[in-house]
Amino acid sequence: MSSPLAPQGKTWSVFASLHSGEGNSAGRGGLGAVMGNKRLKAITVSGQQATSIADSERFSRGISDVIRLFKASPVLFGDLGFARYGTSALVDLILQRRMLPHRNFSRTWFSGASAYNAHHLSRVSPSRDHGCHECPIACKKTNAAGRLLPGFEALNQLGGLNDIGDPAVIIEAYGLCNDYGMDVVSVGGTLSAWGEIRGAYVTGSQLPLLLKKIALRQEEGDRLAEGAARLADSLGRPDLGMTVKGLEIPSFDPRGAYGLALAYCTSNRGACHGRAYPLSHEVLRKPIATNRFDYSGKVRMNKNAEDMYAVVDSLVACKFAFLAASLEEYGELLSAVTGVDYSGRRLAEIGERIYLTERFYNQQNGFSHSQDMLPKRFFAEEGTSSDEIPIPPLDRDRFENELQRYYRLRGLNRNGCFDDPHFLERLP
């Protein structure tokens with residue numbers, strides 16, 4: 001449904017988002033603009049019938065298995081886990097890995113981020129647990145007034161990416177983005193591109209009014225509402241729009257994790273860390289730890305993860321749950337509810353079909369290899385290195401080799417496309 005002020009759908013901003021009553025948002029890709037174009041303000045769902053479960057005992061056992069795995073996960077329920085702090089727990093970790101974007105990805109370190117890390121944020125704005133219905137993790141947090149507090153992405157997209165370190169400013173701006181129905185990742189990415197192009201980043205005092213202008217397409221806000229790619233192109237600096245397939249890159253610098261760099265490009269909806277979520281093994285070290293500065297094994301891991309998370313999304317399950325559980329556990333739950341047996345392998349096959357279908361739609365709309373690429377900055381400029389952690393630019397030739405390896409694994413040609421126009425008919 002639309003948010004309280006929500007003019008974004010009406011103004012067709014490319015980052016108009018959808019919001020649910022629980023505080024979740026389908027933020028990326030401009031779904032709110034699609035609704036606005038159809039003159040659709042909200043969707044409501046109600047009902048009185050109970051959901052039937054084919055095998056309640058099997059379902060209860062499955063729930064117990066999943067909860068046990070959740071509780072055993074340090075990422076979810078550890079002292080610094082998401083259940084305690086939400087995703088703001090990632091701020092210090094990503095900062096120390098030298099992959100926290102600063103000033104439109106021109107740097108990968110922002111000393112001011114310590115002002116909005118999990119510990120400091122909890123002192124500035126004491127939080128209460130909030131989350132999806134009956135979720136034991138409750139990764140979202142609210143303040144005393146019941147307003148949602150920003151997680152990692154919002155903190156850095158509105159913070160370090162735009163050279164802002166004041167948590168009060170970030171919290172206010174995040175609330176305004178929600179009120180206006182704007183995707184905070186794309187808003188932050190667009191503002192940072194504008195800041196670098198102008199040579200002057202938005203200040204904390206300027207930010208609230210500017211967000212309103214973007215939402216209402218007033219003055220400079222009209223151009224900013226078109227997103228970073230179109231903005232940078234219109235200002236003669238297309239190289240400074242940090243996007244893939246036109247979608248703004250989130251707050252994890254790809255020079256600091258090579259599997260992530262590939263995942264941004266192979267994601268069907270553009271720059272998205274959640275389509276394969278290689279951060280799980282490259283940074284969070286789950287389910288297995290991998291060398292984040294090595295491509296070895298990353299192509300197959302990303303492919304398998306893309307298939308898995310396509311299923312996760314279709315199940316309307318939480319990606320964080322899969323930092324502990326797996327398709328095996330969720331296959332058990334689905335089998336118990338429906339009475340139809342779903343193995344983990346069968347679910348992965350379904351995920352592959354979903355992913356390839358999305359890829360086919362992209363191809364039909366003109367997407368190919370040229371859109372599966374990071375901005376030039378990441379191949380030409382180093383990040384903010386330290387004595388212990390060098391952050392060199394990505395090797396373009398090696399990156400291209402890995403991308404071609406991914407295409408072969410997916411059954412695509414060198415241009416990242418399907419040669420067989422009827423391939424969908426032969427999917428399992």
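Student: Which residues line the second largest cavity?

Tutor: Rolling a probe the size of a water molecule over the atoms shows where empty space is left. In this predicted model, the second largest cavity is lined by Leu-90, Ile-94, Phe-252, Tyr-277, Leu-279, Val-283 and Leu-284, and the space inside that cavity comes to about 40 Å³. Sorted by class, its lining has seven nonpolar residues, with no polar and no charged ones.

Student: How many cavities of 30 Å³ or more does the structure hold, and what is the volume of the largest cavity?

Tutor: There are two cavities of 30 Å³ or more, and the largest cavity has a volume of about 60 Å³. Its lining includes Lys-245, Arg-359 and Asp-372, along with Ser-267, Asn-268 and Phe-367, and by class that lining divides into one nonpolar, six polar and three charged residues.

Student: What about the second largest pocket, and which residues lie nearest its centre?

Tutor: The second largest pocket holds about 550 Å³ of space, and among its 28 lining residues those nearest the centre are Pro-287, Asn-304, Ala-305, Met-308 and Phe-322. By class, 17 of the lining residues are nonpolar, five are polar and six are charged.

Student: Which helix gives the most to the lining of that second largest pocket?

Tutor: That is α16, which supplies eight residues, while α15 (279–282), α16 (298–314) and α18 (344–364) each contribute at least two residues to the lining of this pocket.

Technical notes
Residues are numbered from 1 along each chain as its sequence is written. This is a predicted model: local features need pLDDT of at least 70, side-chain atom pairs count only at pLDDT 80 or more; totals for chains, interfaces and linings use all residues. Side-chain values use heavy atoms; hydrogens and water are left out. On a 1 Å grid over the protein atoms alone, a cavity is a set of points where a 1.4 Å probe fits but cannot get out, and a pocket is an open set with protein on both sides within 12 Å along at least five of seven lines; lining residues have an atom within 4 Å of a point. Grid points are joined across faces, edges and corners, and a volume is the space filled by probe spheres set on the points. Ala, Val, Leu, Ile, Met, Phe, Trp, Tyr, Cys and Pro count as nonpolar, Asp, Glu, Lys and Arg as charged, and the others, Gly among them, as polar. Helices (H or I, at least four residues) and strands (E, at least two) are DSSP runs, numbered from the N terminus.
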